[in-house]
Amino acid sequence: MTAAAMSPAGVPTRVVIAEDEAIIRLDLKEILQSAGYDVAGETARGDEAVALVEQLEPDLVILDVKMPGMDGVRAAREISSRHRAAVVVLTAFSQRDLIEEARDAGVAAYLVKPFRREELLPAIAGVLAQCRQEWAIDEEVQSLGGGPADGDAAEDKIATRRVVEEAKAVLMEQYGMGEPDAFAFVQRTAMQTRSRMRDVARRVVEGELRPS
Ligand SMILES: [Mg+2]
């Protein structure tokens, strides 16, 4: 089982797959299951993908672009506006306009078909790691409460993300940490010291705090 296949809560990462080519859908499902993912739902239609996400609340959604019912980019837009899930789009070709549209629709990554297991799993793990970091920062900013205006919360998120990225770079370059471990260090230290990731990250960047 790969680490990405496990959520931070210690349960398998839930996935919904939407792909109208049955062979590719089966292939995807088998690859993901063999790596420890929980494929909670699958469909050949874009509109059903949106409904399945509503019902199953997966962590990860994989959408083909060309599907009956609704295309993958529109489905991605509907899903990302309502749910916290990592959305990955599958395309048969890399098209610049499609990539831009997909990014605009909240797609975290796109993968080009045909994919190989050795490429697919690391790509998905990377997307999940990135999304989980974003979610952790969102949660921290939201949990601060005190009713900051939306603008303040948005600025807070940007500032937090920026300093956390800087701290990760320091931990990776100076302490040889891998990217996920660097983030985990910031997150864990914040939890243990009851401080904000933003403050922990700043102390790392300023050299006041170092991993033991
Ligand atoms: Mg298709």
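Which residue caps the N-terminal end of helix 3? Aspartate 71 does, with a side-chain oxygen 2.9 Å from the backbone nitrogen of valine 73. Keep in mind that this is a predicted model. A few other points from going through the structure:

1. The metal site. Three residues coordinate the magnesium ion: Asp20 and Asp64, each through OD, and Lys66 through its O, at 2.0 to 2.2 Å. Along the chain these donors follow the spacing D-x43-D-x1-K. Aspartate 20 lies in the loop between strand 1 (14-18) and helix 1 (22-34), while lysine 66 is in the loop between strand 3 (60-64) and helix 3 (72-82), so this pair ties together parts that are 46 residues apart in sequence.

2. Accessibility at that site. How accessible are aspartate 20 and lysine 66? Aspartate 20 has a relative accessible area of 32%, and is therefore partly exposed. Lysine 66 comes out at 58% relative accessibility, so it counts as exposed.

3. The buried side of helix 3. Back to the helix that aspartate 71 caps. Its buried residues are Gly72, Val73, Ala75, Ala76 and Ile79. They cover an arc of only 155° around the axis, which means they sit on the same side of helix 3.

4. What lies over it. The elements covering the buried residues of helix 3 include helix 2 (46-56) and helix 4 (96-104), along with strand 3 and strand 4 (86-91).

5. Helix 1 against helix 5. These two pack at an angle of about 65°, and their axes are 11 Å apart; helix 5 spans residues 117-143. The crossing is right-handed. On the helix 1 side, the residues involved are Leu28, Ile31, Leu32 and Ser34. They meet Arg117, Leu120, Leu121 and Ile124 of helix 5.

6. A buried glutamine. Is glutamine 133 buried or exposed? This helix 5 residue has 5% relative accessibility, so it counts as buried. Its side chain makes a polar contact of 3.4 Å with the side chain of glutamate 179. Leaving aside residues up to four places away in sequence, glutamine 133 touches Glu165, Lys168, Glu179 and Phe183.

7. Most residues other than glycine have a negative phi, and most peptide bonds are trans. Where does the model depart from that? Lysine 113 and proline 114 are joined by a cis peptide bond, with omega about 0°; proline 114 is in the loop between strand 5 (109-112) and helix 5. Glutamate 57 is not a glycine, yet it has a positive phi of about 45°. You'll find glutamate 57 in the loop between helix 2 and strand 3, exposed at a relative accessible area of 57%. Arginine 194 also has a positive phi, near 50°. That arginine sits in the loop between helix 7 (179-192) and helix 8 (197-205), and its relative accessible area of 80% makes arginine 194 exposed.

Conventions:
Residues are numbered from 1 along each chain as its sequence is written. This is a predicted model: local features need pLDDT of at least 70, side-chain atom pairs count only at pLDDT 80 or more; totals for chains, interfaces and linings use all residues. Side-chain values use heavy atoms; hydrogens and water are left out. Donors are N, O and S atoms within 2.8 Å of the metal (3.2 Å for Na, K and Ca); water is not among the atoms, so sites may look incomplete. Helices (H or I, at least four residues) and strands (E, at least two) are DSSP runs, numbered from the N terminus. Buried means under 20% relative accessible area, exposed over 50%, partly exposed in between (1.4 Å probe, protein chains only). The arc is that of the directions from the helix axis to the C-beta atoms. Contact means heavy atoms within 4.5 Å. A polar contact is a pair of N or O atoms within 3.5 Å; within protein, one must be able to donate a hydrogen and the other to accept it, and residues adjacent in sequence count only if both atoms are side-chain atoms. Axes are lines fitted to C-alpha atoms, for helices over the stretch in contact, and angles run from 0 to 180 degrees between N-to-C directions. A crossing is left-handed if the near helix is turned anticlockwise from the far one by less than a right angle, and right-handed if clockwise.
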